[in-house]
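Open the model in your viewer and keep the selection tool ready. This tour goes stop by stop.

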Amino acid sequence: MTVDPSAAGSPGFLAHLSPLAKLAAPLPAMIVLVVARDLVTPLTFLALAYLLLLVGRRMSWRVAALLFVGLPIGAAIMGLALGLWVDAALVDDTPAVLRVGAWTLHAGAVEVGLATGARLAAILALGLIAGLTTTGPDLVRASVQQLRVPYRIGYAALAAIRFVPRFAYELELIRQAHRVRGAHGGRGPFAAVARGAGYVVPLLAGAIRHAERVALAMDARAFGAHPDRTERYLLPWRRRDTVFVLAFWAVSAATLAALFPWGL
Amino acid sequence: MPDDPAPLLHLRGVAITHEGADAAAPASVSFDVRPGEVVLLLGPSGSGKSTLALASNGLIPQAVPARLEGTVTVRGMSTRETPVATLARHVGMVFQDPDAQLVTGSVFDEVAFGPENLQMPVAEVLARTEQALRRVGLWDRRAENPDRLSGGGKQRLAIACALAMGSELLVLDEPTANLDPAGIEDVYAALRDVAADGRSVLLVEHDLDAAAELTDRVVVLDADGRTIADGGVDEVLRDRADELDALGVWLPVSTMAALALRRAGWDLPRLPLTPPELHEALESADAPVPRAGDSLLGRVEERPEPRPDLHSAHPAVEVSGLTLRRGRRTVLHDVDLTIGAGEFVAVVGANGAGKTTLVQAIAGVLAPPHGTVRVDGADPATTALRDLSRRIGFVFQNPEHQFIAHTVFDELAHGLRGRGLEDAEIRTRTTRMLARFGLEAKADVHPFLLSGGQKRRLSVGTALIAGAPVLALDEPTFGQDRARADELLQLLRDLNEAGTTVIVVTHDMQLVAEYAERTVVVHDGRIRADAATRDVFADEALLREAGLRRPALQRALRGVTRHPQLAGITALRDLAGGRG
């Protein structure tokens, strides 16, 4: 969760929606996109997701870079690479784009690959509607408040997320230390596995100790003592959340109906 | 006052046995903390002070598997049955590791976390959080991620978290053990404010120089964890200082200095606890009449000066024009440094100054650019690590990080294997190293099952076994208690006297003053000063600029006008009869 809520000036309307609404709204479309095969359906939903993000979220350089550089390039590379993997027998009726010796790249393969890349991009972009406008704590709060997820689990998960950078740092230290000791010298996958195994014990020992300490510190502050806890930020399910979800579903249904059978 | 019907915290005959432990530690503790009191809990390593801290709010026995005998009550409520959450309204905890107490993503949320858990109304949560953050001076940083605070800032945040719970009693378990000198000052400034509000404090602390002036009462445990002293600061620290010293309890440096001076024949009727008190005591005392052989002045002059001419003849480490970048940031700028064979050098500086990076580059942990570093004639950039390990050994901050074998024996033998040595030779040399570090009985034990002090000794042993004449250590005393730190430093001094060149990165200024003959001050990636330790500590402006502080002893002795022979002394061992 790298989005810093305090940094937001005017965050845009998406930030005022329940995190759960932002997750539920694109869900049906995401499921259909998993099975869709054409290029138009994913591109339509990609456009819809981008439209929402552009209108509903304050634009920052990092987000712009992600949406207009990272995601398209990633999807294109992925799509072209997947195109090379497509079974040539399925597409050998389409014109050839490239011939290297006996191997032929058919236009159909490129199209299948790009469609796949577009699907991945569309699914990701739909996920970003919630991902770029919601903080981890808000998602936990909404889950606790609306879905009745026990707060002990939700907040323990948040505390656990904090462990990740610490463990990454600790792993780096252990790697350095083992390298200096000349542990498991050698190249190749087997040496790498052996090296990795050597990191496990110290990392685990540190992790367990750290987790125990955090748990004690949380206990000492009465965490988990009562069936619920004060919520300073109420994230109620408002009418606008219902409207947003229903509207998104309606648009999804209309789009999907118009584009049926999505290349199946 | 002694028969106060409801002391805040009341302990009688408390013995705690951790699950799987053979003996109770502490074995029998009795004392009270009354409203408004600041109580300092002292005792040697292993006496169970931290365990006792956990028992003060019911974490033991309710959250930690351990057997509790005797009585612990908070405001008359037994900690055995009263839920921790209820006790948490009265007792707030601050632990040693600042990073292991953070739960949320902002300073404000962190403080609000406790009151929220107590189901307080929102308005009250907000009011308490604001009040607590203002009290420790973090209100302006309330929107920040707690990770961005310094170590001292994080501990102040932990104090605020305890205050917001409404705690009348604050229990702090070695709150400054992981901090640099500026961080320690920071935490004690906050604690002074808390005490001034009339709240009680139970403080487990080794750094008595910071704690002594704040303390009302001192409780001392012996090695088994039995209360052997409980009284006012004067009554315990002043009148029974000799006894505590013999027990291995660390005393304020000023007190230790006075004990040493007494042994040298000085007449100091009232033992000082703080630098100003020592200063005052010395100004009003006569120097003892020197006797042949043991005069203070004579001793000072006897101390060998650093031998620069000898060093330049055979440098152990040569650094020239070393610039290192990490990502886009330049961590070291064009550093030049020469360390002679047989020197004991301290590398000091504030957090992030680049001192660890410098020493890591010397030891080949980080690859330095070609031709910028030479260790014993070899360039770490082009030397295989196995060969480099015969020239320089590096000891990481956390010894566990560098253990790679399943037994202590193999851990040591690893550095010898693969070099064409015969098995018998490896066995002999490993056994010799085990004996040297007092680990013979532990040869077949897994390194992770050793005690903290043993782990540290083993890590030094692994760095030395390949025969390295240079030993570099990164914060070897970080997070350790004084007794262990002392033991390690004694070991390093022995090695140094036997000819090993020692390079230590540390925050502990008194340690530097005691052991290092030369001190290198790193500031903003540059060497800000490189001189004899006493000269570095003589330069107040330099220390301030580099985020460092004077060691307590020097603060006391500087400016003693009546005995000019004392004014330049920074190390306890320079006072005749001192420890070590």
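**Stop one: chain A**

Select residues 27-53, 65-86, 106-132 and 242-262 of chain A: UniProt, in an unreviewed entry, marks them as "transmembrane region". UniProt positions follow the numbering used here, feature names are shortened, and annotations may be inferred rather than shown by experiment. Residues are numbered from 1 along each chain as its sequence is written, and chains are lettered from A and ligands numbered from 1 in the order in which they are written. The model is predicted, with local features needing pLDDT of at least 70, side-chain atom pairs counting only at pLDDT 80 or more, and totals for chains, interfaces and linings using all residues.

Now take residues 65-86 of chain A: 95% helix, 0% strand, end C-alpha atoms 30 Å apart. Residues 106-132 of chain A are 93% helix and 4% strand, with 38 Å between the end C-alpha atoms. Helices (H or I, at least four residues) and strands (E, at least two) are DSSP runs, numbered from the N terminus.

**Stop two: a strand in chain B**

Select β7(B), residues 169-173. Five of its five residues are buried (20 or more other C-beta atoms within 10 Å of the residue's own, C-beta atoms being placed from the backbone). L169(B), V171(B) and D173(B) lie on one side, L170(B) and L172(B) on the other. In a regular strand, side chains alternate between the two faces of the sheet.

**Stop three: its partners**

Four bridges join β6(B) to β7(B), in parallel; strands pair if DSSP finds at least two bridges between them. V94(B) stands opposite L172(B).

Next, show β8(B), residues 200-204: β8(B) runs parallel to β7(B) over five bridges. D173(B) faces V204(B) across that pairing.

Conventions. A residue is buried if 20 or more other C-beta atoms lie within 10 Å of its own, exposed if 12 or fewer, and partly exposed in between; C-beta atoms are placed from the backbone.
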